[in-house]
Amino acid sequence: MRPELAAKYDLRVPRYTSYPTAPHFSPAVGADRYGQWLAELPPTTPLSLYLHIAYCAEMCWFCGCHTKITRQYAPVADYMDCLWREVDMVAGRLSQRMPASHIHFGGGSPTILTPDDFVATIERLRRHFLVAEDAEIAVELDPRTADEDYVKAMAGCGVTRASIGVQDFNPVVQKAINRIQPYEVTAQVIGWLRQYGVPEINMDLVYGLPHQTADSLIETVDLAVGFKPRRIALFGYAHVPWMKKHQRLIPEAALPDLSERWRQYDTAGARLVEHGYIQVGLDHFALADDEMAEALRENRLHRNFQGYTTDEASVLLGFGASGIGSLPQGYVANEGAIHAYKQVIRAGRLATTRGVAVSPEDLLRRSLIERLMCDLSLDVEAVCARFGADPAQFDAELDGLAGLEGDGLLTREGRRITMTEEGRPLVRAACAVFDRYLRAGETRHSKAV
Ligand SMILES: C[S@@+](CC[C@H](N)C(=O)[O-])C[C@H]1O[C@@H](n2cnc3c(N)ncnc32)[C@H](O)[C@@H]1O
Ligand code: SF4
């Protein structure tokens with residue numbers, strides 16, 4: 001990325017993990033509406049289930065996730081009791097036992113659970129849903145809290161994918177983010193995963209952290225690749241200390257500036273490609289025979305609240321504090337505050353506090369944005385044809401891309417656009433022209449602070 005373009009397009013645009021995006025959710029959609037939407041679901045629709053485990057044993061100072069620190073297990077046990085009740089309640093609103101094709105344990109740290117509670121959770125899901133034989137069951141795994149018994153329990157439950165949080169192998173970086181995770185700890189957990197038969201391994205790395213350099217990232221990338229994970233996510237550190245107070249403990253003077261961040265992204269990405277990984281969208285890398293690389297080739301990649309995914313289920317049900325769901329009728333989000341979440345569930349009510357109903361126009365725009373985010377190219381006419389819509393209605397939006405085109409970040413042929421390789425990291429800026437809510441509201445091109 002040329003430095004002048006990095007500065008020019010230092011944009012605050014959404015990550016487009018949904019459309020309309022989360023700031024446009026409102027209390028107009030609450031528990032009653034969610035209950036109604038659940039009852040209306042066609043009974044044979046495959047479901048994707050997301051369970052948010054909102055606890056960690058220790059705070060990583062860079063963390064941007066929705067989590068709470070606990071040294072005791074009692075609050076976690078109490079939370080799981082509520083989450084199980086929520087699963088019972090949601091399943092009770094469905095017209096029958098519905099199929100589930102995808103289960104994702106996210107957090108926080110699902111590995112904070114006892115093996116027994118993990119098994120009990122899966123058993124409960126299997127009781128309420130027809131979990132497909134070939135269902136993907138994925139777990140976000142913090143190697144520092146996953147012991148051998150936990151990995152054994154995961155494998156015994158049929159978990160198909162472990163997503164391992166690494167971030168960076170460098171001890172100086174680890175100290176600055178308060179996440180001491182020796183290489184051997186990661187190696188050991190990967191050994192157990194392979195020994196007990198969890199077939200797929202993903203790894204999360206982060207650039208833009210304190211004390212990182214392009215060179216130190218290459219070392220981290222090489223160590224990560226040595227484990228042969230099928231997928232590697234390379235996230236840019238989101239520094240938002242005004243929202244996440246613990247990030248104030250990050251030494252800001254040690255953070256790379258904008259042009260160094262781009263250099264790190266470019267260097268680490270190029271190294272992964274050298275190692276044989278295919279870049280998927282903005283921040284994922286997959287081996288050529290991995291399902292995600294296949295989905296990319298066949299334009300079947302999707303984007304949901306967890307980011308890029310091969311999950312094709314059209315309904316996502318979210319459980320736990322801050323859990324988000326996506327239904328044909330719209331989006332729903334649960335209460336985020338853990339205490340309030342527990343109270344509502346204990347009172348026997350669904351914990352939905354916000355959401356948004358989607359209009360036919362939202363669905364069309366969502367599809368345009370999703371295709372562009374996933375394929376890095378968009379054929380407006382092809383998407384409109386699927387919706388029986390007139391593509392000419394988006395000509396003004398396409399004209400709005402002239403700046404990006406002029407800077408060599410995308411090419412346009414009629415109603416078809418393609419991001420150039422240099423434009424790839426700025427795909428969200430291109431998506432933003434199709435975002436009706438953004439255009440109606442905030443300043444689109446305000447710079448990040
Ligand atoms: C819920 S965590 C993964 C599981 C587990 N809690 C762990 O950290 O190992 C999800 C991932 O989000 C990424 N992440 C967390 N905070 C971030 C931030 N502020 N900016 C960018 N990525 C972040 C990390 O790569 C992390 O592995
Ligand atoms: S990065 Fe993972 S382990 Fe660390 S605080 Fe955040 S959710 Fe917890």
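In helix α8, residues A214, L217, I218 and V221 meet R263, Q264, T267, A268, R271 and L272 of helix α9, where contact means C-beta atoms, placed from the backbone, within 7 Å. By class, this contact of α8 with α9 has 6 nonpolar, 2 polar and 2 charged residues; Ala, Val, Leu, Ile, Met, Phe, Trp, Tyr, Cys and Pro count as nonpolar, Asp, Glu, Lys and Arg as charged, and the others, Gly among them, as polar. Please keep in mind that this is a predicted model, in which local features need pLDDT of at least 70 and side-chain atom pairs count only at pLDDT 80 or more, while totals for chains, interfaces and linings use all residues. Residues are numbered from 1 along each chain as its sequence is written, and chains are lettered from A and ligands numbered from 1 in the order in which they are written. Helices (H or I, at least four residues) and strands (E, at least two) are DSSP runs, numbered from the N terminus.

**Helix pairs**

- The axes of α8 (residues 214–226) and α9 (residues 258–274) come within 9 Å and cross at roughly 30°; axes are lines fitted to C-alpha atoms, for helices over the stretch in contact, and angles run from 0 to 180 degrees between N-to-C directions.
- α8 and α9 are therefore roughly parallel, a label for angles under 35 degrees, with over 145 roughly antiparallel, 65 to 115 roughly perpendicular and the rest oblique.
- The crossing of α8 and α9 is right-handed, that is, the near helix is turned clockwise from the far one by less than a right angle, anticlockwise being left-handed.
- For α3 (residues 74–93) and α4 (residues 115–128), the axes come within 10 Å and cross at roughly 5°, which makes α3 roughly parallel to α4.
- M80, W84, V87 and A91 of α3 meet D117, T121, R124, L125 and H128 of α4, a contact of 5 nonpolar, 2 polar and 2 charged residues.
- Helices α12 (residues 360–375) and α13 (residues 380–387) have axes that come within 10 Å and cross at roughly 145°, and this crossing is right-handed too.
- Here L364, S367, L368 and R371 in α12 meet V380, V383 and F387 in α13.

**Ligand surroundings**

- Around ligand 1 there are 17 residues, of which G64, E140, D142, G165 and D204 come nearest; a residue is near a molecule or strand if its C-beta atom, placed from the backbone, lies within 6 Å of it.
- Strands β4 (99–107), β6 (161–167) and β7 (200–207) each give at least two residues to the shell around ligand 1.
- That shell divides into 8 nonpolar, 6 polar and 3 charged residues.
- The surroundings of ligand 2 are C56, M59, C60, C63, C65, T67, G107, G108, S109, D142 and G165, with 5 nonpolar, 5 polar and 1 charged.

- An open sheet holds 3 strands in the order β17-β19-β18, with antiparallel pairing; two strands pair if DSSP finds at least two bridges between them.
- At its edges are β17 (377–379) and β18 (410–413), each pairing on one side only.
- β17 is joined to β19 (residues 416–419) by 3 bridges, and L378 stands opposite I417 in β19.

**Backbone details**

- Most residues other than glycine have a negative phi, and most peptide bonds are trans.
- The peptide bond from Y19 to P20 is cis, with omega near 0°, and P20 lies in the loop between α1 (3–8) and α2 (31–40).
- In that loop between α1 and α2 sits Y16, whose phi is positive, near 50°.
- G107 and G108 are joined by a cis peptide bond with omega of about 25°, and G108 is in the loop between β4 and α4.

Note on methods:
Two residues are in contact if their C-beta atoms, placed from the backbone, lie within 7 Å.
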